[in-house]
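Subject: Handing over the two-chain model

Dear colleague,

I am passing on the structure we talked about, together with notes on what I found in it. Please read the notes with the structure open beside them.

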Amino acid sequence: MTEQELKIQEKKTANPGDETTKNEACFAPHVDIFETDKDVTVIADMPGVTTEGVDLSLEDNILTIQGNRVLQKQPGRILLEEYESGHYLRRFTVAETIDQEKIEASLNDGVLRVRLPKTGPAQPKKIEVKMG
Amino acid sequence: MAFIRFADRPAFRNPWAEFERIRQGLDELSRTYVDQGKTQSRANVYPALNIYEETDRLIVTAELPGVKAQNLELSIEGETLNLQGKRDNKQSEPGISYHRREIESGSFSRALTLPVKVDAEQIGAKLSNGILTITLMKASAVTPRQIKVSAE
């Protein structure tokens, strides 16, 4: 099997809503979102963010993923700069009803994985038709 | 702070050295005053790299989210630094349906010619939270050395 080559994906600037006082870059992380019948999983690329820097919230069906990183001062002189470092922010409207209490998140190798369990699988309700 | 870069200084006086110095100065000026990002060079091979220079070392950084240390290979040959690795982002759970797919899986390989000679024995690399930092010490021949001036 020939493996696919990874390509550079352009970093998109995130819109924090209002302007921040600090002049620091903020990007929208690339995400994968998938659903099973039990939960919705969001995977977000946030290199450089530690567990302390992650801020997750789900309010009024809006999931906010925020990753704050400690931006280090650049060492020495720049010879080549192909990417910019910054914080991460992205918001999603979640259509499904989520059990807020059971949201789980883990961070590995700069990748955040959030599991949002659905509240009680929506059972298709069968309506019996009686012969009358 | 003027270094002559990318080539060892030739034995004869390089008539273009002064232009190179001016160009570097202008580059630094534009980096300071023009919006960041505009002056950035675009990478066309994954991963995008940043390279910094200190007096005695070079620092190469790359953002490699989801790449495990055991899937990353680094090698140096002369003045060429090779970076190879792969990222596996396939989900094993059955019965999933994707809503968004922006993260790719695959392999990458990038070779980089270093601007100065480095000491191949003194290379440190660490991968933390998806950020790779490679520290390469310059070869002793190109490291600036303090020379004591003795008074007589």
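Predicted model: local features only at pLDDT ≥ 70, side-chain atom pairs only at ≥ 80, totals over all residues.

Residues are numbered from 1 along each chain as its sequence is written, and chains are lettered from A and ligands numbered from 1 in the order in which they are written.

Confidence

The predictor gives the complex an ipTM of 0.80 and a pTM of 0.76. Within chain B, helix H1 (residues 17-33) has the lowest confidence, with a mean of 79, whereas strand E8 (residues 131-138) has the highest, at 93. Helices (H or I, at least four residues) and strands (E, at least two) are DSSP runs, numbered from the N terminus.

Chain A as a whole

Chain A has 10 strands and 0 helices. Its C-alpha trace spans about 85 × 45 × 20 Å along the principal axes. The radius of gyration of chain A is 20 Å, whereas a compact globule of 132 residues would have one near 14 Å; the radius is taken over C-alpha atoms, and the globule rule is 2.2 Å times the number of residues to the power 0.38. Of the 132 residues in chain A, 27% are buried, a residue being buried if 20 or more other C-beta atoms lie within 10 Å of its own, exposed if 12 or fewer, and partly exposed in between, with C-beta atoms placed from the backbone.

Where the chains meet

Counting two residues as in contact if their C-beta atoms, placed from the backbone, lie within 7 Å, 35 residues of chain A are in contact with 46 residues of chain B. On the chain A side, the elements that give two or more residues are strand E3 (31-35), strand E4 (39-45) and strand E7 (77-81). By class, that side has 15 nonpolar, 8 polar and 12 charged residues, where Ala, Val, Leu, Ile, Met, Phe, Trp, Tyr, Cys and Pro count as nonpolar, Asp, Glu, Lys and Arg as charged, and the others, Gly among them, as polar.

Strand pairing also crosses between the chains, and two strands are said to pair if DSSP finds at least two bridges between them. E7(A) pairs with strand E1 (residues 49-53) of chain B in the antiparallel sense over 4 bridges, and Arg77(A) has Glu53(B) as its bridge partner in E1(B). Strand E7 of chain A also holds Glu81(A), which is partly exposed because 19 other C-beta atoms lie within 10 Å.

An open sheet of 5 strands likewise draws on both chains, with antiparallel pairing in the order E9(A)-E10(A)-E4(A)-E3(A)-E5(B). Its edge strands, each pairing on one side only, are strand E9 (104-108) of chain A and strand E5 (97-101) of chain B. Within this sheet, E3(A) and E4(A) are joined by 5 bridges in the antiparallel sense, and Glu35(A) has Val40(A) as its bridge partner in E4(A).

A sheet in chain B

In chain B, 3 strands form an open sheet in the order E3-E4-E6, with antiparallel pairing. The edge strands here are E3 and E6 of chain B, each of which pairs on one side only.

Strand E3 (residues 72-77) of chain B pairs with E4(B) over 6 bridges, and Ser75(B) stands opposite Asn82(B) in E4(B). These two strands form a hairpin with 2 residues between them, and Gly78(B) in the turn has a positive phi of about 65°. On to the next pair: E4(B) and strand E6 (residues 106-113) of chain B are paired in the antiparallel sense over 8 bridges, with Lys86(B) opposite Ser107(B) and Arg87(B) opposite Gly106(B).

In a regular strand the side chains alternate between the two faces of the sheet. Strand E4 (residues 80-87) of chain B has a covered face formed by Leu81(B), Leu83(B), Gly85(B) and Arg87(B), and an uncovered face formed by Thr80(B), Asn82(B), Gln84(B) and Lys86(B).

With best regards

Conventions: pLDDT = per-residue confidence, 0-100.
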